[in-house]
Amino acid sequence: MKKILMAVLALLVLLGLASCGSEGSKKEETTAKADWRNTIEYESAFFVNENLRVLYALDTGSITLWDNGGDGSVMQVIEYDTSVADAIERIEKEDFNGDNNCDIRIIYSESEKGTRYNLFLWSDKAGRFVECMLYNTITDPVYNSETGEITGVTDKGVFGKVTKTYCFNSSSGLDELTCTIEGVDSVAATVAKAIGGESVERIVNTVTVDEKECTAYSVISGGKKVGYVAATPDSVWYVDAGCCGLYRETGESESGEVLLGDYLGEARAAFNLAKLMGGEDVSLVGMTYGLINGSEAQRFGAKKADGASFAVACDENSVWYYSENGTAFLQVISSTGDIVGEEEVEFAIPEE
């Protein structure tokens, strides 16, 4: 009997140990199944390439990424700007540069003239997504997989359409390859009308305006040359009324007409002073280098609406002067046009 009781007790002990082992195994199994993916909030996932799958969470102005094969630490937070309310709902995940990695594109701006995008390219070297600089300046970009080039066309209204081509570089950015104005001769003729031009003739050599190399045209009216117009490759236009070497910026009115803007350089301040001295309808007719009291100076010829001529001048110390005859000058306050004193100074042109 005693032996039977001992055997029963031994069996109970074994069963208890087995039970404890089973509970321990279940606990270990439960712990092993705990997954960090269940502790974060994310929308979905996508493959960057065959070796990398990422989870992502979307928010206004940012995208949070996790490496699906990682330990649950945030891999990267992409921050972006946009003026489009539902941009995050239209996120694109494709290979945009032909390197067989999936990239991220988000709308930057949207208008009747086209759409621009923020582009973030996957960089194997950096192990993260890198913003592609310049990309969000391209309107409706089109990628050519055969040439590896991107083309974008920008509508500049009265100043025509500008077509640019780019290529991706090793820094995940873009290099501009070409820039052309569609129908540039026709645009030049339109701009020339702002200074009374009837037609234009292209000048063979380029000219430098505002430190930019420009295509230039002579403006013809009544069979005579009456001015010049010039354009940068991306269709910024300048006009010189009277062939006097003084260029002005241009703009566009709401009705689509070319407007004359500010003069460039010192001519801008000279024109503002000329308006104070001669009225709103004055025009500048030329510029000459010379000396005032031994200091280098620039003299700007001006003409009033009634045809009367006068001049303003500026020396190297930014002191301004006014003259009715272009030779004897009185010092003035450039912001008000008030004459300072009665002493006349002479504008002299050095002998060569």
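The lining of the second largest pocket divides into 5 nonpolar, 6 polar and 3 charged residues (Ala, Val, Leu, Ile, Met, Phe, Trp, Tyr, Cys and Pro count as nonpolar, Asp, Glu, Lys and Arg as charged, and the others, Gly among them, as polar). A pocket is an open set of points on a 1 Å grid over the protein atoms alone, where a 1.4 Å probe fits, with protein on both sides within 12 Å along at least five of seven lines; lining residues have an atom within 4 Å of a point. The model is predicted, and totals for linings use all residues, whereas local features need pLDDT of at least 70. Residues are numbered from 1 along each chain as its sequence is written.

**Second largest pocket**
- Its volume is about 210 Å³, the space filled by probe spheres set on the points, which are joined across faces, edges and corners.
- Of its 14 lining residues, Ser123, Asn169, Ser170, Ser171 and Ser172 lie nearest the centre.
- Strand E7 (residues 114–123) gives the most to this lining, with 3 residues (strands are DSSP runs of at least two residues, helices of at least four, numbered from the N terminus).

**Largest pocket**
- The largest pocket holds about 250 Å³ of space.
- Its lining has 15 residues, and Gly245, Leu246, Leu264, Ala267 and Met287 lie nearest its centre.
- Strands E14 (207–209), E20 (283–292) and E21 (295–303) and helix H3 each give two or more residues to this lining.
- The lining residues divide into 9 nonpolar, 4 polar and 2 charged.

**Helix H3**
- Ala267, Ala270, Phe271, Leu273, Ala274 and Met277 of H3 are buried (under 20% relative accessible area, with a 1.4 Å probe and protein chains only).
- Just after H3, Gly279 has a positive phi of about 100°.

Terms used. This is a predicted model: local features need pLDDT of at least 70, side-chain atom pairs count only at pLDDT 80 or more; totals for chains, interfaces and linings use all residues. Side-chain values use heavy atoms; hydrogens and water are left out. Buried means under 20% relative accessible area, exposed over 50%, partly exposed in between (1.4 Å probe, protein chains only).
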